Amino acid sequence: IVRQFKNFSRKTTQPFSQVAIHGVVNNATAIVNHHASAHGVELKLKLLAKDVTVYADPYQLEQVLVNLLTNAIDAMLTTPKPCIAISFKLDHNITILIKDSGPGIKPHYLNQVFEPFFTTKKHAGLGLGLSISRRIIASFQGELNIANHHKGGAVASISLPITPLINEPLQQKD
């Protein structure tokens, strides 16, 4: 608990670097794959034809993805044939979409999901994961949003600016 509080209040001092999206997403899915399999959750990953890069801390971005995927798995524990589809939308930004086939989020909770200490989990979780995740994505000049999909389930979207390929790291802005 103390470690989570410290992580919540601390800003990273790591310089950002160019991060290939496919690698980070593949790493995150590999980390949650055992948890997904244990709960019968199918992970469907549809990669882009061509990988893109963003300025980020690759470990923090991976942790955000692991958090979102784990939340999706946990939300579908009673869902028949649970599935998480990971896809991408490409324009001037890269948007990573994580859609689950669960019950979705109760509409009156949607405005609260990013508040520190808010949780719908009865026996686990401090309610810091989404709040920390949103702050991390904002530090990358991006946005993290969560909504209900019109066909059911919840969708988490991470939108980040695409960067041209260069060799030197970009320092984080305060």
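In these legends, a contact means heavy atoms within 4.5 Å.

The structure shown is a predicted model, in which local features need pLDDT of at least 70 and side-chain atom pairs count only at pLDDT 80 or more, while totals for chains, interfaces and linings use all residues. Residues are numbered from 1 along each chain as its sequence is written, and side-chain values use heavy atoms, with hydrogens and water left out.

**View 1. The overall fold comprises four helices and seven strands.** Helices (H or I, at least four residues) and strands (E, at least two) are DSSP runs, numbered from the N terminus. Along the sequence, these elements follow the pattern α-β-α-β-β-α-β-β-α-β-β. The protein has 174 residues, of which 41% count as buried; buried means under 20% relative accessible area, exposed over 50%, and partly exposed in between, with a 1.4 Å probe and protein chains only. Among contacts with a separation of 6 or more, 70% are between residues 24 or more positions apart.

**View 2. The largest nonpolar core contains 42 residues.** A nonpolar core is a set of buried Ala, Val, Leu, Ile, Met, Phe, Trp, Tyr and Cys residues joined through side-chain atoms within 4.5 Å. The members that touch the most other members are Ile21, Leu61, Leu68, Ile84, Ile96, Ile98 and Ile158. Two or more core residues come from each of α2 (21–38), β3 (53–56), α3 (58–75), β4 (83–90), β5 (93–100), α4 (129–139), β6 (143–148) and β7 (154–161). The greatest contribution is that of α3, with eight residues. Ile98 may be taken as an example: apart from neighbours within four places in sequence, Ile98 is in contact with Leu65, Leu68, Leu69, Ile84, Ala85, Ile86, Ala154, Val155 and Ala156.

**View 3. Strand β7 pairs with β5 and with β6.** Two strands pair if DSSP finds at least two bridges between them. Strands β5 and β7 run antiparallel and are joined by seven bridges; Leu97 has Ser157 of β7 as its bridge partner. The pairing of β6 with β7 is also antiparallel and extends over six bridges, with Leu144 opposite Ile158 of β7. Five residues separate β6 and β7 in a hairpin, and Gly152 in the turn has a positive phi of about 105°. Because seven of its eight residues are buried, β7 is largely enclosed by the rest of the structure. In a regular strand, side chains alternate between the two faces of the sheet.

**View 4. Asp100 is a buried residue without a salt bridge.** A salt bridge is a side-chain nitrogen of Lys or Arg within 4 Å of a carboxyl oxygen of Asp or Glu. Lys and Arg count as positive and Asp and Glu as negative, whereas His and the chain ends are not counted. Asp100 belongs to strand β5, and the nearest side chain of opposite charge, that of Lys99, is 6.2 Å away. The Asp100 side chain reaches the backbone nitrogen of Gly102 at 2.9 Å. Not counting residues up to four places away in sequence, Asp100 touches Ala72, Met76, Cys83, Ile84, Gly152, Gly153 and Ala154.

**View 5. Pro103 occupies the loop between β5 and α4.** Pro103 is exposed, its relative accessible area being 67%. When residues up to four places away in sequence are set aside, Pro103 touches Ala75, Thr79 and Gly153. Although Pro103 and Thr79 are 24 residues apart in sequence, their C-alpha atoms are 7.6 Å apart in space.

**View 6. Helix α4 is followed by Gln141, a residue with positive phi.** Within α4, the buried residues include Leu130, Ser131, Ile132, Ser133, Ile136, Ile137 and Ser139. Gln141 lies in the loop between α4 and β6 and is exposed at 53% relative accessibility. Its phi is positive, about 65°, although Gln141 is not a glycine.

**View 7. Lys81 lies in the loop between α3 and β4.** Lys81 is not a glycine, yet has a positive phi of about 50°. The relative accessible area of Lys81 is 79%, and the residue is exposed.

**View 8. Pro15 is located in the loop between α1 (2–9) and β1 (17–20).** Pro15 counts as partly exposed, at 35% relative accessibility. The C-alpha atoms of Pro15 and Tyr55 are separated by 9.4 Å, the two residues being 40 residues apart along the chain.

Key: Polar contact = N/O pair within 3.5 Å; in protein donor to acceptor, adjacent residues only side chain to side chain.
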